[in-house]
Amino acid sequence: MTRSTFRVLFYANGSKEKNGIVPIMGRVTINGTVAQFSCKRSIAKELWDAKGNRAKGKSLEARDTGASDHIERKTMPKNADPTRTHLNRELVQFPDGVADRTEAISHRIRTADIRRKITPDQVRAIRIVLSGTHEDMVRVQDEGRLSEWCDGNLQWLHRTFGRENTVSAVLHMDEHTPHIHATVVPIVTGERRKAKKKQADSKRTYRKKANAVRLCADDLLTRERLVAYHDSYAEAMAKYGLNRGIRGSEARHTTTAQYYRDLKRQTGELEANVQQLQTERQQAKQELDEVKKEIKSEKLEAAKTEAKAALVAKVGSLLGSGRLKELEADNRTLQGEVAARDESIELLQKQMERQQEEHSRQLMELQAKHRREMADKEAAHQEEVSFLKSIIQKAKKWFPLFQELVYMEKFCLKVGFNERQTATLISGKPLFYEGELYSEEHRRKFTTEEAGFQVVKDPKDKSKLALAINGQVIGEWFKEQFGRLFSSVKRTVEPLRRGKGMGL
């Protein structure tokens with residue numbers, strides 16, 4: 001019996017380093033067969049532990065992957081609507097060469113001229129969620145002020161933390177309530193809080209530069225500053241009808257995990273109640289069937305008893321026996337028991353009818369509530385679709401090349417450019433690229449060295465757009481590359497054909 005082996009290894013690909021950021025790769029080995037893949041994640045080179053094959057310490061990259069995946073929608077949460085994800089917006093434009101928020105954080109720290117050494121466990125970014133109650137945010141959206149509200153939030157972030165430190169802000173529209181995930185790098189200037197305290201206590205032994213640039217989250221997250229953030233944000237949001245939370249409130253934040261646990265528990269209780277009502281209904285139906293059988297049997301017994309009593313009475317009248325009075329007394333007793341049983345059966349039937357009515361009422365309420373919720377969601381979805389259609393029609397009317405830009409975006413992604421590179425090309429800017437390009441016409445990839453790409457008007461039809469490589473339409477470039485490949489293959493095959501034959 002052969003022994004099977006299995007191994008998984010993660011490593012940073014240093015050959016793909018760009019601006020100090022390296023991609024994280026994975027390698028799976030099964031019985032000596034190796035398969036490599038990209039983890040679709042990147043990290044600062046100095047934060048990767050090559051011996052341990054993991055991120056160092058408690059850095060943002062080491063412990064914040066779940067939040068990054070949620071914000072950038074690399075993983076889809078259960079409470080998000082995939083049909084509305086395209087409405088999400090990145091409100092902060094990344095610098096050139098920066099592809100995601102992790103690279104934006106590293107880029108800000110690297111270009112901030114920080115002289116002090118940054119340890120792996122330092123806080124490199126602060127995540128801030130900006131929103132309001134569901135009713136208030138729906139009202140702002142219905143009033144058509146959502147974009148204005150987003151601009152107001154960006155202005156508040158810039159005033160409070162600095163424009164350069166606000167490296168990312170993403171508007172989420174695919175969840176129940178619109179909200180913004182902002183990412184702030186805690187870069188500050190001036191003396192440290194602890195140094196000021198030592199100076200006040202006359203314990204300071206040395207003097208440092210007052211305006212040194214530092215990475216310090218403690219200075220931004222003091223109790224006084226947190227209260228001030230709430231006050232200033234409330235002032236900035238007052239014009240949108242949003243009010244500040246209650247000062248000194250004892251309310252505690254419910255985590256997402258706890259919210260889902262509570263929701264699952266409530267759903268389970270509701271399903272258990274429905275199941276219990278259905279069980280009680282079934283039991284009541286069975287009891288009713290049994291009671292009907294008993295009623296039928298008791299009525300037959302009562303009829304037999306009355307017949308026997310009548311026969312005995314006739315016999316007694318003929319014989320003059322004293323047993324007749326005893327039989328009459330027994331008959332009256334039996335009739336009383338039958339009447340009592342009939343009364344209890346009638347009460348039981350009424351009770352069962354009330355239970356059935358209550359069950360039907362609760363079931364109808366649940367069904368009506370479900371139909372209302374589904375109707376509200378469908379109406380909101382249809383309204384959103386109609387709004388998007390109207391926007392698309394206006395965009396086509398106002399911008400004749402709008403549809404061509406949409407087609408060009410799909411074409412660039414199909415050729416092999418990522419979303420960031422595609423956005424650069426669609427904006428009309430030139431892009432320098434080196435790698436593989438896919439031709440759908442020839443169903444294969446072609447490799448290009450460092451080449452310049454740009455979206456231009458089609459030389460044959462000025463109303464359409466075309467992708468040019470070094471000034472040449474990419475379709476013609478693909479044909480040239482395929483022709484060269486075909487010629488090289490032909491040159492290789494022909495000598496082999498001439499060499500065939502039989503030697504004498």
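**The core and its surroundings**

Modeller: The count of disulfides, taken as pairs of cysteine sulfur atoms within 2.5 Å, comes to 0. This is a predicted model, in which local features need pLDDT of at least 70 and side-chain atom pairs count only at pLDDT 80 or more, while totals for chains, interfaces and linings use all residues. Residues are numbered from 1 along each chain as its sequence is written, and side-chain values use heavy atoms, with hydrogens and water left out.

The chain has 12 helices and 15 strands. These are DSSP runs numbered from the N terminus: helices are H or I with at least four residues, and strands are E with at least two. Of the 504 residues, 29% are buried. Buried means under 20% relative accessible area, exposed means over 50%, and partly exposed lies in between (1.4 Å probe, protein chains only). A contact means heavy atoms within 4.5 Å. Among contacts with a separation of 6 or more, 57% join residues 24 or more positions apart.

Now the core. A nonpolar core is a set of buried Ala, Val, Leu, Ile, Met, Phe, Trp, Tyr and Cys residues joined through side-chain atoms within 4.5 Å. The largest one holds 30 residues, and I128, W149, W156, L157 and F161 touch the most other members. At least two of its residues come from each of β7 (126–130), α4 (134–142), α5 (146–161), β8 (166–172), β9 and α7. The biggest contribution is that of α5, with 7 residues.

W149 shows how such a residue is surrounded. Leaving out residues up to four places away in sequence, W149 touches L130, S131, M137, V140, L171, H179, I180, Y233, M237, Y240 and L242. H179 counts as buried because its relative accessibility is 9%. Beyond four places in sequence, H179 touches V129, L130, S131, W149, V170, L171 and H172. H179 also has a polar atom in its side chain that lies 2.8 Å from the backbone oxygen of T177.

L221 gives a contrasting case. L221 lies in the loop between β11 (213–215) and α7 (223–237). L221 is partly exposed, because its relative accessible area is 42%. The C-alpha atoms of L221 and P186 are 9.5 Å apart, although 35 residues separate them along the chain.

Another core lies apart from the largest one, with 18 residues that include C412, Y433, L465 and I469. C412 counts as buried, because its relative accessibility is 0%. In helix α10, the buried residues are E404, M408, C412 and V415. Seen down the helix axis, they fall within an arc of 75°, so they line one face of α10; the arc is that of the directions from the axis to the C-beta atoms. An α-helix has 3.6 residues a turn, so residues three or four places apart point the same way. The length of α10 (residues 402–415) can be checked too: at 1.5 Å a residue, its 14 residues should span 20 Å, and its end C-alpha atoms are 20 Å apart, which agrees. The expected span is 1.5 Å times one less than the number of residues. Just after α10, G416 takes a positive phi of about 135°.

Helix α3 (residues 101–110) is largely enclosed by the rest of the structure, because 8 of its 10 residues are buried. Those residues are R101, T102, E103, A104, I105, S106, R108 and I109. At the start of α3, a side-chain oxygen of D100 comes within 3.3 Å of the backbone nitrogen of T102.

Two loop residues complete the view. N470, in the loop between β14 (465–469) and β15 (472–473), counts as exposed because its relative accessibility is 60%. N470 has a positive phi of about 55° although it is not a glycine. N31, in the loop between β2 (21–30) and β3 (33–44), has a positive phi of about 50° and is not a glycine either. At 46% relative accessibility, N31 counts as partly exposed.

Notes:
A polar contact is a pair of N or O atoms within 3.5 Å; within protein, one must be able to donate a hydrogen and the other to accept it, and residues adjacent in sequence count only if both atoms are side-chain atoms.
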